[in-house]
Protein chains: 2
Amino acid sequence: MTSAPGTGAQAPIDFYFDFISGYGYLASLRLEAIAACHGRRVDWHCMLLGVAVMKTMGLKPLLETPLKADYVLRDFARYQRRHGLALARNLTDPVMDPRPAARAFCWVKRHHAGREAEFAHALFDRYWRLGRDLSNIDELAALASPLGLDEPALREGVVGDESRGDLRAAVAASLERGVFGSPFLIVDGEPFWGSDRLEQLDEWLERGGW
Amino acid sequence: MTSAPGTGAQAPIDFYFDFISGYGYLASLRLEAIAACHGRRVDWHCMLLGVAVMKTMGLKPLLETPLKADYVLRDFARYQRRHGLALARNLTDPVMDPRPAARAFCWVKRHHAGREAEFAHALFDRYWRLGRDLSNIDELAALASPLGLDEPALREGVVGDESRGDLRAAVAASLERGVFGSPFLIVDGEPFWGSDRLEQLDEWLERGGW
């Protein structure tokens, strides 16, 4: 269970997320440390909750679901207190269109392969900790320079056909693998859904599955 | 956070469950041991997923939700392997009408107060581990004698108006407290939803909240 057959190398953990997902953000802060403890890398994949949850599963957004909405607000606040996080964004704030950020991620993944994790952290941080609206392309473009990326190229990449196609393909691939939430993790074919499963994922990696 | 104000005694953990809930069954097996570690008792409360999830929240049953269904089957099997459980019932088996079992529980809670936890364990065990259909009153009645309960009285209790009223009141009270799933735990006013939150509940009790 701990190695890809015939390679001796350990397969990376596939991490699926949507930038508008608060629980996805929480998982992004801890996942790599857990993976590293077990000699694993993390492969970052964007998905869209709007396609998976609303269109495919036919469910309402969490905060529009009676009873669950109150719980989620409380649970998210409790998690922040526990991990000492201070976020400018509230779950009840208007939700951005996640596609520009996701397309920017796809563009970096294609044109600066190996930098996409760093870029995803920057996107998550800007949206959740700083509370900025990344559907505004200026907010996305502001990330280029600090990360050493070419700003005009990033701007073009976000609106171009290539990143649109890459995002569509990424979303289709996520559904094909059964991904329906954020965070959603797959390790050696085994799926784990939700930020509250990081401990179980950790145990799974420790034991080599069961 | 660790004591009810002005009493010095620690408030019990409220445990809400539906007998048809596999995750509720899993939690029932571990909750009391966790509570006991922190000097807490458990108060058992039945609820009905059909009322909370389907009527109030407007959601589909888990196994009728695309994508999530496959995940839940896999997750439930993984949990069983991890905890060495062998259940005759599969999640995909036809689901019983939970009301007779819930009414029997209400009857025991009213007429044999203090025995309801033991009775709930027996109900859960008979449904999940043995795979019996507790909507059949003979299956319910078979539990009376081993637990030293009067079988004819239990049979009458299950079909009587009193237990019907008690169940309706229990369901209404659960919704009033924001309970929408099974298992659902409330400790010192703090809600925890899902069998995968038992570790967090444990930490909450250990720290006295945060």
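The model is predicted. Chain A is superposed on chain B by a rotation of 180 degrees with 0.0 Å of shift along its axis, at an RMSD of 0.0 Å, which is the relation of a two-fold axis.

**Relation of the chains**
- Any two copies of a chain are related by a rotation about an axis together with a shift along it.
- For chain A and chain B, the rotation is 180 degrees and the shift along the axis is 0.0 Å, and therefore the pair has the relation of a two-fold axis.
- The same surface serves both copies, in that 100% of the contact residues of chain A recur in chain B.

**Strands 1 and 2 of chain B**
- Strand 1 (residues 13-17) of chain B pairs with strand 2 of chain B in the parallel sense, over 5 bridges, and B:Phe17 has B:Cys46 in strand 2 as its bridge partner.
- Together with helix 1 (residues 22-37) of chain B, strand 1 and strand 2 of chain B make a β-α-β unit that is right-handed.
- Strand 2 (residues 42-46) of chain B is largely enclosed by the rest of the structure, because 4 of its 5 residues are buried.

**A:Arg126 in helix 5 of chain A**
- A:Arg126 lies in helix 5 of chain A, which spans residues 116-129.
- The relative accessibility of A:Arg126 is 15%, and because buried means under 20%, A:Arg126 counts as buried.
- Leaving aside neighbours within four places in sequence, A:Arg126 is in contact with A:Gly131, A:Arg132, A:Leu134, A:Glu139, A:Ala142 and A:Leu143.

Technical notes. Residues numbered from 1 in each chain as written. Chains lettered and ligands numbered in written order. Predicted model: local features only at pLDDT ≥ 70, side-chain atom pairs only at ≥ 80, totals over all residues. Heavy atoms only, no water. Buried < 20%, exposed > 50% of the residue type's maximum accessible area, 1.4 Å probe, protein only. Helix = DSSP H or I, 4+ residues; strand = E, 2+ residues; numbered from the N terminus. Pairing = 2+ DSSP bridges. Right-handed = clockwise from strand over helix to strand, strands pointing away. Contact = heavy atoms within 4.5 Å. Least-squares fit on C-alpha atoms with pLDDT ≥ 70 in both.
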